[in-house]
Amino acid sequence: MESILYYLAALVLLIITLVKDKNKARMALQKSLKVFLHLLPQMSFIMLLMGLSLAVFSPEAISGIIGSDSGVTGVAIAVLVGAVTLIPSFITIPLGATLIESGAGLAQVTGFISALMGIGFVTYPVEKKYFGRKFALYRNIGAFFMTVLFVIIVSITLGDAL
Amino acid sequence: MKGLKDYALTLLMLIILGVLFFIKKDTATSALQISLSSVGSMLKILPPILITMNLLDVLIPKEVVIRHMGHDAGLKGYLWALILATFAAGPLYAAFPIAALLGKKDARLSYLIFFLGMWTVTKLPVFTYELEFFGVPFTSIHVVTGIIFYYFLSIILEKVFLKNEKQHIYRSLAEV
């Protein structure tokens, strides 16, 4: 669904640009291809790692490690797993709900979800290509602190898992 | 042989998968299947985003971005970053080209950091799912914590990056 919108937006903009300036439209397309090829080595690695992590960390496997009595260690493992894996965001939330149903703790799942969405160990090379090393590093460290804060607030207000 | 060196990590993963195939055939097969479907979803999102951003690069004058998200945009800049991130969809790697475009057009660094943060918190597809599966209290804690946290992080990080480092970031953005 979102992809149709993206392609539609690209198409509409392409037509507008073509009408305005054919040359610039061609240059924009060439540039896009160049960037895409530039990102391809990282992307192919990311895709393979994503497949491996999803195959190895099944919901049963994860919820076994991060049960509601697994405490801070469980949260740490959840955050680590979330940081090194990459799962599409529309799967992340239902997966989190499944994890809780199969026995994982709320605080642990919170850490998992937040790390999954914010900390990009795998996307780090791509982020570095765009913004440079220091920016990518600091933003990811920031996302880590966000995760810690979120887990603490959730476990204080919504559960007694920690 | 620069081309081959770029794919070193990919080759490593393929070797790992190959070894895994002999140890646990099922896991390796499903890993490969998931990878292929991830390639599919990547192809659905990344090419149109790159094309859209490069076309917007041509279509949108720098002044427009500066007016809304330039250095003196104040709170309005944060609001724009929030709106852009909320109504976007896609994984974090789709946010990088968008932030890069804004940066290239001289959007303020703290807005870019806030935008990337909000992409992981308020993005609408995730937000609606979160409401449905985790309920109102959890989701509101997430959104409120996220907005406050990333607001301060963006200010702190902007201060951390010295002027020459900022120029380095913007130069790096211009190159990609």
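Modeller: Start with a definition for the rings: those of Phe, Tyr and Trp pair if their centres lie within 6.5 Å. One aromatic cluster is formed by A:Tyr130, A:Phe131, A:Phe135, A:Tyr138, B:Phe96 and B:Phe161. Keep in mind that this is a predicted model.

Now the contact itself. Chain A puts in 69 residues, and chain B puts in 72 residues. Between them the two chains bury about 6,500 Å². Of that area, 81% is on carbon and sulfur atoms. On the chain A side, A:Tyr6, A:Tyr130 and A:Phe131 lose the most area to chain B. Together these three account for 12% of what that side buries. Two of those names, A:Tyr130 and A:Phe131, also belong to the aromatic cluster.

Which helices build the chain A side? Helix 1 (2–20), helix 2 (22–56), helix 5 (89–101), helix 6 (106–118), helix 7 (124–131) and helix 8 (133–157) each supply at least two residues. Helix 2 of chain A gives the most, with 23 residues. By type, the chain A side that touches chain B divides into 48 nonpolar, 13 polar and eight charged residues.

Back to the rings. Over all chains, the structure holds 17 aromatic pairs. One of them is A:Tyr130 with B:Phe96. Their centres are 6.4 Å apart, with 45° between the planes, and the pair is tilted. It crosses between chains, from helix 7 of chain A to helix 6 (residues 92–104) of chain B. A:Tyr130 has 3% relative accessibility, so it counts as buried. B:Phe96 is at 0% and therefore counts as buried too. The cut-off behind both calls is under 20%.

Another pair lies within chain A. The rings of A:Phe144 and A:Phe145 have centres 5.7 Å apart and planes at 65°, so this pair is edge-to-face. A:Phe144 is partly exposed, at 36% relative accessibility. A:Phe145 is also partly exposed, with a relative accessible area of 48%.

Notes. Residues are numbered from 1 along each chain as its sequence is written. Chains are lettered from A and ligands numbered from 1 in the order in which they are written. This is a predicted model: local features need pLDDT of at least 70, side-chain atom pairs count only at pLDDT 80 or more; totals for chains, interfaces and linings use all residues. Side-chain values use heavy atoms; hydrogens and water are left out. Contact means heavy atoms within 4.5 Å. Buried area is the accessible area (1.4 Å probe) that two parts lose on being put together, summed over both. Helices (H or I, at least four residues) and strands (E, at least two) are DSSP runs, numbered from the N terminus. Ala, Val, Leu, Ile, Met, Phe, Trp, Tyr, Cys and Pro count as nonpolar, Asp, Glu, Lys and Arg as charged, and the others, Gly among them, as polar. Rings of Phe, Tyr and Trp (its six-membered ring) pair if their centres lie within 6.5 Å; planes under 30 degrees apart count as stacked, over 60 as edge-to-face and the rest as tilted. Buried means under 20% relative accessible area, exposed over 50%, partly exposed in between (1.4 Å probe, protein chains only).
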